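Please look through the sequence and the model below before reading on. The report is meant for someone meeting this structure for the first time.

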Amino acid sequence: MYNELLEEIFKAYPMYHKIGSAAYKEGLENIEALLAIVGNPERRLKAVHIAGTNGKGSVAHLMASYCQERGLKTGLFTSPHLVDFRERIRIDGEMIAEEAVVEFFRRFKTQFDQLEPSFFEMTTALAFYYFAEQKVDVAVVEVGLGGRLDCTNVLRPLLSIITNITLEHTQMLGDTIAKIAFEKAGIIKPDTPVVIGEFHPESFPVFTDIANQRNAPLFLAEDNYTVEGSLDDCTVLDVTGNVLYEHLNLPLGGEYQRKNLVTFLQAVEVLEQLWPTDKDVVRPAVEHVIGNTGFRGRWQVLRQQPLTLCDVGHNVGGLSLTMRQLDAMPCRQLRIVFGMVSDKDLEHVIPLLPQKALYYVCRSNNDRAIPAAELAALLTAHGLECRTCGSVAEAFAAADHDCAPDDILFIGGSCFVVGDLLQNIQS
């Protein structure tokens, strides 16, 4: 029953990750109507609301892990899913039950259909309803796209977080950092603190202006915390240089997680001012984040020899850090299974790709994915050595066959490439 229902939902409602901007519904009227049908569960939720171009998923999982370690019953709403739709909606790390999904749509689908909602609007209504019905103590909610007009923005959270801003989704959010910042800043609520992860000269004045207008206390994370050493054995210092944590092991291995850790630490400090606790749970929250939340796809080590990694970074901001880290890693040969979707900024992404790598170019099982031959031609034109492979499974098999023990194999370029890989490994 569940699988049949899910297939029906995927076909009936426009999905951004399938068809792109045509699925994006601007405005909150639809989600407000959907939530009214199910009893306005958003009004019963204490929430932490997280926006940003990159890092919002990682910070959301860290915040959820922290809340769980505090003993709070914790809802976590993220997107997109990699393998199973139910990854989007978790309580204390456990995915929503299939039966709960079936019951929700059996009860409300007829009324919903009259509103012609998007897939994400439907999913948001399900998440908020489920969290309220299960009486979570706190819901950690990741924005889907943008902020101001994202359907999660019906929340009145305890705390808002904006990780960073780079150019992405420019056709919907604006073609400058300042315009995108304005959209992300839409989650800043009156008299509600907001944590900004990173300073950017074009975005930060937008955030401060809007925070001032709304009397929202603003905290810039990178001004107040520093992370030194390797992420698996790091030292955290405060703004005065005092050591807060030594030998902290963050199991999320990408170097970009250094920024997300700083954002998380600032958010914890602010949340504890609002909602005090008598115990320090930051260390177990960080070190148990994968086990607590089921986090996958961010610099995920699939095996040690040959070292095989996957990462869902897919825009200029995310890929610049990932590819720089890969390029610096010693190995006999770097092999990259690579695919992208058509609305990404290829002109600026391709120059980021390591010249020394061999590319196994593929097309994920997604309507927006660039055909492998077309993408390979673009990479070849930039002097990169490519092999056109078709599907993700075919590309991975070819790269795996070619690997020596001291090679590095990386799979990425798109959430959907990583999702197809993990699906193939599981099946």
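This is a predicted model: local features need pLDDT of at least 70, side-chain atom pairs count only at pLDDT 80 or more; totals for chains, interfaces and linings use all residues.

**The six-stranded sheet**

Six strands come together in an open sheet whose order is β12-β13-β17-β14-β15-β16, and the pairing within this sheet is mixed. The edge positions are taken by β12 (300-304) and β16 (385-390), each of which has a single partner strand, so one side of each is left without a neighbour in the sheet. From one strand to the next, the twist averages 20°. Helix α15 (residues 372-381) packs on this sheet, where it touches β14, β15 (358-362) and β16, and its direction makes about 175° with that of β16.

Strand β17 (residues 408-412) runs parallel to strand β14 (residues 334-338), and 5 bridges join the two. Strand β13 (residues 307-311) is likewise joined to β17 by 5 bridges, and this pair runs parallel. Among the individual bridges, Val337 has Ile411 of β17 as its partner, while Asp311 is partnered by Gly412 of β17.

How many of the residues of β17 are buried? The count is 5 of the 5, so the strand is largely enclosed by the rest of the structure. Both of its faces are covered, with Ile408, Phe410 and Gly412 buried on one side and Leu409 and Ile411 buried on the other.

**The three-stranded sheet**

A further open sheet is made of 3 strands in the order β9-β10-β11, with antiparallel pairing. Here β9 (225-228) and β11 (243-248) stand at the edges with a single partner strand each, so one side of each has no neighbour in the sheet. Neighbouring strands of this sheet are turned against each other by 15° on average, direction ignored. Strand β9 is joined to strand β10 (residues 234-238) by 4 bridges, and the two run antiparallel; within this pairing, Val227 has Val236 in β10 as its bridge partner.

Helix α10 (residues 257-274) packs on the sheet and touches β9, β10 and β11, its direction making about 140° with that of β9. One of the residues in helix α10 is Gln266, which counts as buried because its relative accessibility is 0%, where buried stands for under 20%. Leaving aside residues up to four places away in sequence, Gln266 touches Val195, Phe219, Leu220, Ala221, Asn224 and Tyr225.

| Strand pair | Bridges | Direction |
|---|---|---|
| β9 and β10 | 4 bridges | antiparallel |
| β14 and β17 | 5 bridges | parallel |
| β13 and β17 | 5 bridges | parallel |

**A kinked helix**

Helix α5 (residues 98-113) has 16 residues, which at 1.5 Å a residue should span 22 Å, and the distance of 21 Å between its end C-alpha atoms agrees with that expectation.

Which residues of α5 are buried? They are Val101, Val102, Phe104, Phe105, Phe108, Lys109 and Phe112. The elements that cover these buried residues of α5 include α1 (2-12), α3 (29-37) and α6 (119-133).

Technical notes:
Residues are numbered from 1 along each chain as its sequence is written. Side-chain values use heavy atoms; hydrogens and water are left out. Two strands pair if DSSP finds at least two bridges between them. Axes are lines fitted to C-alpha atoms, for helices over the stretch in contact, and angles run from 0 to 180 degrees between N-to-C directions. Contact means heavy atoms within 4.5 Å. The expected span of a helix is 1.5 Å times one less than its number of residues. Buried means under 20% relative accessible area, exposed over 50%, partly exposed in between (1.4 Å probe, protein chains only).
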